[in-house]
Amino acid sequence: LSREVSGKALEVIQTINEWQARGSRVVAVDIPSGLNASTGEVMGGVVQADITVTFVALKSGMLAPGALKFLGEVQVADIGVPRALIEKLATALPAKLRVRG
């Protein structure tokens, strides 16, 4: 994201969060909508995910302390990127962040 979420997109995020608060399970694809992938900053509003399925490796913003509460359980999906590149990008994970993949 390069700017804050607003308008209809923000309304959709708020509705998803209302469903999640009532017990619906929410899966984020790649990163929860409204969360800056580079910084972990909330950009106007953010989806509260129960599970985040991200591709290749964690995004740097996922490691920001304020971002952790929006991710839920994190699963890294293999999409065929060479293992050597993934290892080069790897970083230590905070204890609170559970990753399966």
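This section describes the nonpolar cores, salt bridges, selected contacts and backbone geometry of a predicted model.

The largest nonpolar core comprises 11 residues, namely Ile 31, Leu 35, Val 46, Leu 58, Met 62, Ala 64, Ala 67, Leu 68, Phe 70, Leu 71 and Val 74. Helix 2 makes the greatest contribution to this core, supplying three residues. Another core, of five residues, lies apart from it and includes Val 5, Leu 10, Ile 13 and Val 26. Leu 10 belongs to helix 1, which spans residues 7–21. Beyond its neighbours within four places in sequence, Leu 10 is in contact with Val 5, Gly 44 and Gly 45. The C-alpha atoms of Leu 10 and Gly 44 are 7.5 Å apart, with a separation of 34 residues in sequence.

Ile 79 is located in the loop between strand 3 (73–77) and helix 3 (83–89), and counts as exposed at 54% relative accessibility.

The count of salt bridges comes to three. One of them joins Glu 11 and Lys 8, whose closest N and O atoms are 3.8 Å apart. These two residues are separated by about one helical turn, because they are three residues apart in helix 1. Glu 11 is partly exposed, at 43% relative accessibility, while Lys 8 is exposed, with a relative accessible area of 64%.

Arg 25 and Asp 50 form a salt bridge through their side chains, with an N to O distance of 3.9 Å. Arg 25 is in the loop between helix 1 and strand 1 and Asp 50 is in the loop between strand 1 and strand 2, so this pair ties together parts 25 residues apart in sequence. Arg 25 is exposed, its relative accessible area being 62%.

A salt bridge is also found between Asp 30 and Lys 59, with the closest N and O atoms at 2.9 Å. Distant parts of the chain are linked by this pair, since Asp 30 lies in the loop between strand 1 and strand 2 and Lys 59 in the loop between strand 2 and helix 2, 29 residues apart. Asp 30 is partly exposed, with a relative accessible area of 24%, whereas Lys 59 is buried, with a value of 18%.

Asp 30 also has a positive phi, of about 80°, although it is not a glycine. Val 56 is likewise a residue other than glycine with a positive phi, near 75°. Val 56 is placed in the loop between strand 2 and helix 2 (68–71) and is buried, with a relative accessible area of 18%.

Gln 48 lies in the loop between strand 1 and strand 2 and is partly exposed, at 23% relative accessible area. A polar atom of the Gln 48 side chain is 2.6 Å from the backbone oxygen of Lys 69. Gln 48 and Gln 20 are 28 residues apart in sequence, with a C-alpha to C-alpha distance of 7.3 Å.

In strand 3, Glu 73 is buried, with a relative accessible area of 16%. The side chains of Glu 73 and Gln 75 make a polar contact at 3.4 Å.

Conventions
Residues numbered from 1 in each chain as written. Predicted model: local features only at pLDDT ≥ 70, side-chain atom pairs only at ≥ 80, totals over all residues. Heavy atoms only, no water. Helix = DSSP H or I, 4+ residues; strand = E, 2+ residues; numbered from the N terminus. Buried < 20%, exposed > 50% of the residue type's maximum accessible area, 1.4 Å probe, protein only. Contact = heavy atoms within 4.5 Å. Polar contact = N/O pair within 3.5 Å; in protein donor to acceptor, adjacent residues only side chain to side chain. Core = buried A, V, L, I, M, F, W, Y, C linked by side-chain atoms within 4.5 Å. Salt bridge = Lys/Arg side-chain N within 4 Å of Asp/Glu carboxyl O.
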